[in-house]
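Visitor: Could you walk me through this structure, feature by feature? I would like to learn how to read each one.

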Amino acid sequence: MIRPFASVVLVLSVLASFAAAYTTIMFPNTQECYFERMKTGDHFSITFETAGKLPIDFTINDVNRNPIYTMPHTGAGSYNYVSTAEGRYSYCFKNNAPHEIVVNFNPHGPEEETFLAGHDASPAENEVRKLSHNIEEIKDHFNFMLFRNEVHEHSVSDTQKKMFNWAILQTLALAGACGWQIYYVRSLFKIRGVV
């Protein structure tokens, strides 16, 4: 009885973790920005990855739109930040490539990061909060791996279909060439009266 219940809970938790991830398709030479309203001392973290590890530019800006952190030409990354002023912070992805890039990212805003604030907690409670935060990061990384696996599975199955169709085409071409050669050689011998 406990085993089916545990498996249902596990499936629901995995599905809930997928709901926390965001995926966007960035068109060539575009920039997409997302905003997070934070108070002084709020904690914010983000992890991201592009399909195929294609390079993009990542920037976090403060309330005055000054860059806090930049990662140029990267396919994956993570960053943690504690706000120094109250206001609207932004994080932006920029695609300088001449093709589309799929970006999968997990932002963890202040409402999700409140568990990191120690307040008057015991050292054990603080360690449990840190452990919980690390588990969230592991879940995010696992989601990225599932996303990457899905992209690669599609690519591999598409390549296998192309190779199979090409092999059939080559077989038909070879059979056609052999048939034509047999017909041509027989017609040469018939003309000479040998056959």
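**Buried charge and its partner**

Guide: Let us start with E49, which is buried, with a relative accessible area of 3%. Buried means under 20% relative accessible area, exposed over 50%, and partly exposed in between (1.4 Å probe, protein chains only). Before going on, note that this is a predicted model, where local features need pLDDT of at least 70, side-chain atom pairs count only at pLDDT 80 or more, and totals for chains, interfaces and linings use all residues. Residues are numbered from 1 along each chain as its sequence is written, and side-chain values use heavy atoms, with hydrogens and water left out.

Visitor: Which residue forms a salt bridge with E49?

Guide: The general idea is that side chains of opposite charge can pair when their charged atoms come close. The cut-off here is a side-chain nitrogen of Lys or Arg within 4 Å of a carboxyl oxygen of Asp or Glu. The partner of E49 is K53, with the closest N and O atoms 3.5 Å apart. K53 counts as partly exposed because its relative accessibility is 42%.

Visitor: How many salt bridges does a search of the whole structure find?

Guide: Two. Besides K53 with E49, D158 pairs with K162, and their closest N and O atoms are 3.6 Å apart. Both D158 and K162 sit in helix α3, four residues apart, about one turn of the helix. D158 is partly exposed at 33% relative accessibility, while K162 is exposed at 55%.

Visitor: What pattern does the chain follow along the sequence?

Guide: Helices (H or I, at least four residues) and strands (E, at least two) are DSSP runs, numbered from the N terminus. The chain has three helices and eight strands, and they follow the pattern α-β-β-β-β-β-β-β-β-α-α.

Visitor: How should I read the sheets, and what is the strand order in the one that holds β1?

Guide: Two strands pair if DSSP finds at least two bridges between them. The open sheet with β1 has four strands in the order β1-β8-β3-β6, paired antiparallel. Its edge strands, β1 (22–26) and β6 (76–82), each pair on one side only. Neighbouring strands of this sheet are turned by 20 degrees against each other on average, direction ignored. For such angles, axes are lines fitted to C-alpha atoms, for helices over the stretch in contact, and angles run from 0 to 180 degrees between N-to-C directions.

Visitor: What packs on that sheet?

Guide: Helix α3 (residues 123–192) does, touching β1, β3 (43–50), β6 and β8, and its direction makes about 165 degrees with that of β8. Touching, or contact, means heavy atoms within 4.5 Å. Within the sheet, β1 and β8 (residues 101–108) pair over five bridges in the antiparallel sense, and M26 stands opposite I101 in β8.

Visitor: Is T47 buried or exposed?

Guide: T47, in strand β3, counts as buried because its relative accessibility is 13%. Leaving out residues up to four places away in sequence, T47 touches G77, S78, N104, F105, N106, D140 and F144.

Visitor: Which strands stand at the edges of the other four-strand sheet?

Guide: That open sheet has the order β2-β7-β4-β5, again with antiparallel pairing. β2 (30–38) and β5 (67–74) are at its edges, each with a single partner strand, so one side of each is left without a neighbour in the sheet. The twist averages 10 degrees from one strand to the next.

Visitor: How do the strands around β4 pair up?

Guide: β4 (residues 56–61) pairs with β7 (residues 87–95) over five bridges in the antiparallel sense, and the bridge partner of D57 in β7 is K94. Five bridges also join β4 to β5, which run antiparallel, with T59 opposite T70 in β5. The hairpin of β4 and β5 has five residues between the strands, and there R65 takes a positive phi near 65 degrees.

Visitor: Which residues form a nonpolar patch on the surface?

Guide: Patches are made of residues with over 30% relative accessible area and no salt bridge: like charges are joined within 9 Å, nonpolar side chains (Val, Leu, Ile, Met, Phe, Trp, Tyr) within 5 Å. Here the patch consists of W180, Y183, Y184, V185, L188 and F189, with about 640 Å² of accessible area together. Accessible areas come from the Shrake-Rupley method with a 1.4 Å probe, and for residues only the protein chains shown count as cover. Y184 is found in helix α3 and is partly exposed at 42% relative accessibility.
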